[in-house]
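Reader: I would like to know what the terms used for this model rest on. Please take me through them one at a time.

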Amino acid sequence: MKQETVLELRQLTHVYVNDKGASLAIEHINLKVERGEFVSLVGPSGCGKTTVLSLLAGLFPPTKGQVLLNGDQVSGPSSKVGYMLQQDYLFPWRSIKENAAIGLEINDRKTEKGLQYVDELLEELGLPDSARKYPQELSGGMRQRVALARTLATEPEVLLLDEPFSALDLHIKLQLEDLVHQTLKRLGKTAVLVTHDLAEAVAMSDRVIVLGRNPGYIRSELAIPDEIRLASPMTARKLSGFQGLFERLWTELDRDDNEGGSTGGRSQ
Ligand code: ADP
Ligand code: MG
């Protein structure tokens, strides 16, 4: 496979400043994500996963370092990057189709062609009869599929997913993992997923990045072998190598917890 870097983090460092003072959230994070790659970020609460995604999305500038998208510095939100969160943030007064089309509207792209693509996405994501319904008529899993359609409608190159499945019941979550995996691979999208679910990270990703905290940094990464990364998440979970990968990640994270608040003794 030809490698082409889509996203690059260079020496990314971020300090939050508020009335209580300044806190160093992440420090010297270097990462490259290739086109079509699915990368997960895992790590203990507070290690900076959401901060990294927010910086990737251009929601605010990093204190130091750079985020590059296709070699250009990210200086603000762009329609090339789509964001999907744990909460779906659907507007209750808008129909499903109007919700899914909102990104097109904001980007002044609500053309007939755009709306046709929204219909196609809703169909593909198993929501063909929901277009005229309202969010409150849909289950949590269906609403999250609408959120995915809304994110994909503007045809972003990169998708940022911050715990998008964590509020769902287990079997809905497993189905949605498969659907998201299959859809993103088919469309050739690049994705960065934040999750606290290590099995989900192994099942969905090509590569898993393990972050440590105080401040957040990249502690290690785990490349997922072809057999598992090419399988659908549901199938991957049943393959023989899966458990071993899960345990390796588990051990890495456990090590972090034992380390407590220490920031010493690491090399970056
Ligand atoms: P994660 O998503 O891995 O749980 P976050 O990126 O949310 O971690 O947070 C990283 C660190 O930055 C934490 O110590 C958190 O308390 C701090 N932090 C996050 N957001 C803010 C903010 N808006 N103001 C101040 N500190 C913040
Ligand atoms: Mg977070």
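Predicted model: local features only at pLDDT ≥ 70, side-chain atom pairs only at ≥ 80, totals over all residues.

Reader: What makes Gly48 a polar contact of ligand 1?

Author: An oxygen atom of ligand 1 lies 3.1 Å from a polar backbone atom of Gly48. A polar contact is a pair of N or O atoms within 3.5 Å, so this pair counts.

Reader: How do you know that Lys49 and Thr50 make polar contacts with ligand 1?

Author: A polar side-chain atom of Lys49 is 2.9 Å from an oxygen atom of the ligand. For Thr50, a polar side-chain atom is likewise 2.9 Å from a ligand oxygen. The cut-off is 3.5 Å, so both pairs qualify. On its own, ligand 1 has 560 Å² of accessible area, and the protein covers 60% of that.

Reader: Which residues make up the shell around ligand 1?

Author: Tyr16, Asn18, Ser23, Ala25, Pro44, Ser45, Gly46, Cys47, Gly48, Lys49, Thr50 and Thr51. Strands β1 (5–18) and β2 (21–34) and helix α1 (49–56) each supply at least two of the shell residues, and α1 gives the most, with 3.

Reader: How does the shell around ligand 1 divide into nonpolar, polar and charged residues?

Author: There are 4 nonpolar, 7 polar and 1 charged.

Reader: Why is the set around Leu122, Leu161 and Leu184 called a nonpolar core?

Author: Such a core is a set of buried residues of listed types, Leu among them, joined through side-chain atoms within 4.5 Å. The largest one here has 31 residues, and Leu122, Leu161 and Leu184 have the most contacts inside it. Elements supplying at least two residues each include α4 (112–124), β7 (158–162) and α6 (170–187). The largest share, 5 residues, comes from α5. Apart from this core lies another, of 27 residues, with Leu12, Cys47, Leu55 and Val194 among them.

Reader: What does Leu184 touch, beyond residues up to four places away in sequence?

Author: Leu184 touches Phe38, Leu152, Leu159, Leu161, Lys189 and Ala191.

Reader: Where is Glu252 found, and which residues is Glu252 in contact with?

Author: Glu252 is in helix α10 (residues 242–259). Leaving aside neighbours within four places in sequence, Glu252 contacts Val210, Arg219 and Ser220. Between Glu252 and Pro156, the C-alpha to C-alpha distance is 33 Å, at 96 residues apart in sequence.

Terms used:
Residues numbered from 1 in each chain as written. Chains lettered and ligands numbered in written order. Heavy atoms only, no water. Buried < 20%, exposed > 50% of the residue type's maximum accessible area, 1.4 Å probe, protein only. Helix = DSSP H or I, 4+ residues; strand = E, 2+ residues; numbered from the N terminus. Contact = heavy atoms within 4.5 Å. Near = heavy atom within 4 Å. Polar contact = N/O pair within 3.5 Å; in protein donor to acceptor, adjacent residues only side chain to side chain. Areas by Shrake-Rupley, 256 points an atom, 1.4 Å probe, with all protein chains shown as cover. Nonpolar A, V, L, I, M, F, W, Y, C, P; charged D, E, K, R; others polar.
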